[in-house]
Amino acid sequence: MPKVLAVFGATGQQGGSIVSHVLKDVELSSQYHIRALTRDPSNPSAQALKKLDVEVVRADLNDELSLHGAMKGAHTVFALTIPTFGPNAKAQEVTRGKAMVDIAVAEGLQYIIFSTLPHVTTVSGGKYTNVTAWDAQAEIEEYIRSLPIKSAFFSPGSFMQNFKSIMAPRPTGLGSYVISRPVSPKSLLPLIDTAGDTGKYVGAILAEPDKYEGKIFCAASALYPMEEIAQIISKVSGKTVTFEQVSAESFLQGLPPWGGMLVEMMLFQQEFGYYGPRTNELVAWAVENARGKVHTFEEYLTENPLQLQ
């Protein structure tokens, strides 16, 4: 009888990729029954899953009763938290994350796969202390490791999808485009096709949970210098796109209050590596162990063209 795999964020990029991958994988689809968890089962994305005969169940991190119902009878859960911003954002995220995994243990689940990120404050030796969204997930990961339940972890790089939204090249007004960041053109950024490839990394864990128990998949297809990112966008789009290093003060102009966290995140990645000093090695291991070939940035852009006007 298939084991129930509960997937938080099943209508989002990470969870949706896992659902899609398991459904298409003959071996995994015979081993796991997917239970798609979402805050709103009535939304179109959730309804689309129902048409694929996927069980869709409401789960809201702010409603513990819904979490009990969502995980009751499940064997494995893919769990993630959604960062918020504000003076108490980190504490609130950690509290919600711990409550979620406590309920997983209480409901008798056997395995947790958690979407995590490095603890920036610790890795930087206290130099960068405002990347609270990352630190919160790292502290939830640490808590999970202390519990009487098997676990493994998925740690995504920077989303390729963000170049269609918050990281999109800006028009210069001269017929060209620019990517402006407060880091060097040589600064390295690990990129992942989140919607296309999350399932390949998590699928590896689902296929061999004992092999990957305690392991972290530092998930990115490769590390890309910022200037190369601009060059790839230029090549695929046929537009002129360049990279420009700007001051932190200039970059912050027009950003919301949490922009300072974004600046610290970029400076941390440049100075310490996205996953710390072993970033290259960790990314290469994850690519080698993924359940299928992952997309390069050029392949992603070819399949999902940016609309540069």
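**Figure 1. Pairing of strands S2 and S3.** In this predicted model, strand S2 (residues 32–38) and strand S3 (residues 55–58) run parallel and are joined by four bridges. Strands (E, at least two residues) and helices (H or I, at least four) are DSSP runs, numbered from the N terminus; two strands pair if DSSP finds at least two bridges between them. Leu37 stands opposite Val57 in S3.

**Figure 2. The open sheet.** Seven strands form an open sheet in the order S3-S2-S1-S4-S5-S6-S11, with parallel pairing. S3 and strand S11 (216–219) are the edge strands, each pairing on one side only.

**Figure 3. Pairing of strands S5 and S6.** Five bridges connect strand S5 (residues 111–115) with strand S6 (residues 150–156), and the two run parallel. Phe114 has Phe153 in S6 as its bridge partner.

**Figure 4. Contact of helices H4 and H5.** The axes of helix H4 (residues 64–71) and helix H5 (residues 89–106) come within 9 Å and cross at roughly 40 degrees. Axes are lines fitted to C-alpha atoms, for helices over the stretch in contact, and angles run from 0 to 180 degrees between N-to-C directions. H4 and H5 are therefore oblique to each other (angles under 35 degrees count as roughly parallel, over 145 as roughly antiparallel, 65 to 115 as roughly perpendicular and the rest as oblique). Glu64, Leu67, His68 and Met71 in H4 meet Ala99, Met100, Ile103 and Ala104 in H5, where contact means heavy atoms within 4.5 Å.

Residues are numbered from 1 along each chain as its sequence is written. Local features need pLDDT of at least 70, side-chain atom pairs count only at pLDDT 80 or more, and totals for chains, interfaces and linings use all residues, while side-chain values use heavy atoms, leaving out hydrogens and water.
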